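Me: Please pick one part of this model and look at it closely. Then set that part against the rest of the chain.

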Amino acid sequence: MRVLVVEDERKVASFVARSLREKACAVDVAATGRQAIVAAQSADYDIILLDLRLPDMDGLDVCRRLREDGVETPILMLTARGMVDERVRGLDAGADDYLVKPFALAELHARIRALGRRGLQRGVVLRFADLTLDRRRRTVERGGREVPLTQKEFALLEFLMVRAPETVDRSEIIEHVWDSTFDSGSNLVEVYINRLRQQIDHGHNVKLLHTIRGVGYRLGLES
Ligand code: CA
């Protein structure tokens, strides 16, 4: 899952970004409203975390502008305590949910999980054939046996499972699993696909992760 954090307070932004990366999210940070609009137009985020107090623009205007531009990504706004009007106006401007500052990280993660599910339209546990992925416990099992995955491998598998049985191309994978620092000239996607394949398919007769030459990757049951 890829998240855009829009927050001008650097300490808060880096704290939040770090905690989300620990949950296997790819995170980009925008420090101004303008940066946020450019970022949201150039990448397909799964969630936008939007602070309403920004140096150059009112967060409500950022929210309105994104919706006018056709950005449908779920928006979680960060508001100040007591600002009930602001929250109401935020929801009217197209935000999906809000969190009052200061907030506990556990609550932030829970809200993001809930909004992420809404965006990706799937539940806490994803299933494909004998493979299960639990988004809350962050565990993966195949045939009832736990498969140990790194954060990145987990995020990659989650994306493939959400989209299964569709084929996803390399650029979609980069867009949802990596952040804007990704060097598109690198072969990291191929490296991670191979590692993931090793983890989920090795020792199983039925292979689940398939490479569709010249197109991309998909989960499927054909051998
Ligand atoms: Ca702020």
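Reply: **A loop and its surroundings**

Ala129 lies in the loop between strand 6 (125–128) and strand 7 (131–134); helices (H or I, at least four residues) and strands (E, at least two) are DSSP runs, numbered from the N terminus. This is a predicted model, in which local features need pLDDT of at least 70 and side-chain atom pairs count only at pLDDT 80 or more, while totals for chains, interfaces and linings use all residues. Residues are numbered from 1 along each chain as its sequence is written, and side-chain values use heavy atoms, with hydrogens and water left out.

Most residues other than glycine have a negative phi, and most peptide bonds are trans. Ala129 has a positive phi, near 50 degrees. With a relative accessible area of 49%, Ala129 is partly exposed (buried means under 20%, exposed over 50%, partly exposed in between; 1.4 Å probe, protein chains only). Ala24 also has a positive phi, about 70 degrees; Ala24 sits in the loop between helix 1 and strand 2 (26–30), and is buried at 6%.

Asp130 and Leu131 are among the residues that Arg142 touches, contact meaning heavy atoms within 4.5 Å. The list leaves out residues up to four places away in sequence, and also includes Val147, Ile200, Asp201, His204, Val206 and Leu208. Arg142 belongs to strand 8 (residues 139–142) and counts as buried, at 4% relative accessibility.

Two cis peptide bonds can be described as well. Lys101 and Pro102 are joined by one, with omega about -10 degrees; Pro102 is in the loop between strand 5 (97–101) and helix 5 (105–120). A cis bond also joins Ala164 and Pro165, with omega about 5 degrees, and Pro165 is in the loop between helix 6 (151–163) and helix 7 (170–177).

The calcium ion has Asp8 (OD), Asp51 (OD) and Arg53 (O) as protein donors, 2.1 to 2.3 Å from it (donors are N, O and S atoms within 2.8 Å of the metal, or 3.2 Å for Na, K and Ca; water is not among the atoms, so sites may look incomplete). Asp8 lies in the loop between strand 1 (2–6) and helix 1 (10–21), and Asp51 in strand 3 (residues 47–51), so the pair ties together parts that are 43 residues apart in sequence. Asp8 is partly exposed at 29%, whereas Asp51 is buried at 2%.

Over the whole protein there are eight helices and 11 strands, and 48% of the 223 residues count as buried.
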